[in-house]
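Here is a short briefing on the salt bridges and overall build of one protein. Look over the sequence and the model, then read on.

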Amino acid sequence: MNYDSISTTVAKGTVRTLSQQEELPLLRDHLLRLDRTSRHDRFHGFIDDSFIRRYAERCANDGTVIIAYFEDGVVRGAAELHPPEQSPDAQPEIAFSVERSVRRKGVGSILFRKLIAEAHAKGYTSLRITTGAQNDAMRALANKFGAHLTFRHGESTGSIDLSEQSQSEPAPAAAAVSPVEAVRAIADINRAYWRMVMQMSGWGRAA
């Protein structure tokens with residue numbers, strides 16, 4: 001199991017893939033902590049506790065990969081990669097859930113990147129994602145990573161072409177410039193400018 005610290009200024013937890021023995025208790029308890037609205041968004045309708053317990057048990061036994069986001073040793077977010085054998089169209093399906101306490105911290109994007117890397121490692125060429133039509137956050141995240149969603153019967157369903165991920169992921173931010181480097185750059189520009197003025201006025205000569 002690989003641990004990856006999250007190097008952002010907001011999310012302070014860690015992400016790792018759960019072992020099969022961990023999946024049932026950790027995924028189950030995380031899903032049970034979801035509030036009513038979050039459950040509705042995740043499962044496209046209100047789901048009682050007994051359904052979630054059965055769902056987590058199935059995931060722990062059917063080959064589903066669970067990538068979890070931890071804070072203080074507790075799973076607060078999860079990305080699920082369901083094997084193609086579990087899908088009627090033989091396409092691996094993905095799903096996400098993030099507890100309200102850690103939302104708006106970039107957790108969804110972090111989990112999405114990890115899940116896509118896992119899918120690449122397994123040799124998958126595409127992924128299917130289904131979310132509730134009212135789940136704006138999930139639809140925005142899916143679009144960010146190249147999903148093409150269509151609406152049907154109150155759900156948004158789409159696919160992600162993994163061969164296009166290098167183009168669809170956000171471009172990395174430009175490298176930061178230190179204050180000292182900025183001052184030096186400005187000084188160099190000023191020197192170059194005044195050298196040009198003196199040459200044009202006949203006061204100096206090319207260096």
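**Salt bridges in a predicted model**

Arg 39 and Asp 49 join their side chains in a salt bridge, 2.8 Å from N to O (a side-chain nitrogen of Lys or Arg within 4 Å of a carboxyl oxygen of Asp or Glu). Arg 39 sits in helix 2 and Asp 49 in helix 3 (residues 49–61), ten residues apart. This is a predicted model: local features need pLDDT of at least 70, side-chain atom pairs count only at pLDDT 80 or more, and totals for chains, interfaces and linings use all residues. Residues are numbered from 1 along each chain as its sequence is written, and side-chain values use heavy atoms, leaving out hydrogens and water.

- Arg 39 is buried at 8% relative accessible area, while Asp 49 is partly exposed at 34%.
- Buried means under 20% relative accessible area, exposed over 50%, and partly exposed in between (1.4 Å probe, protein chains only).

**Other salt bridges**
- The whole structure holds nine salt bridges.
- Arg 33 and Glu 99 pair at 3.0 Å, N to O.
- Arg 33 lies in helix 1 and Glu 99 in the loop between strand 5 and helix 4, so the pair ties together parts 66 residues apart in sequence.
- Glu 99 is buried at 5%; Arg 33 is partly exposed at 36%.
- Arg 33, Arg 76 and Glu 99 form a salt-bridge network.

**Overall build**
- The protein has seven helices and eight strands, taken as DSSP runs (H or I, at least four residues; E, at least two) numbered from the N terminus.
- Of its 207 residues, 40% are buried.
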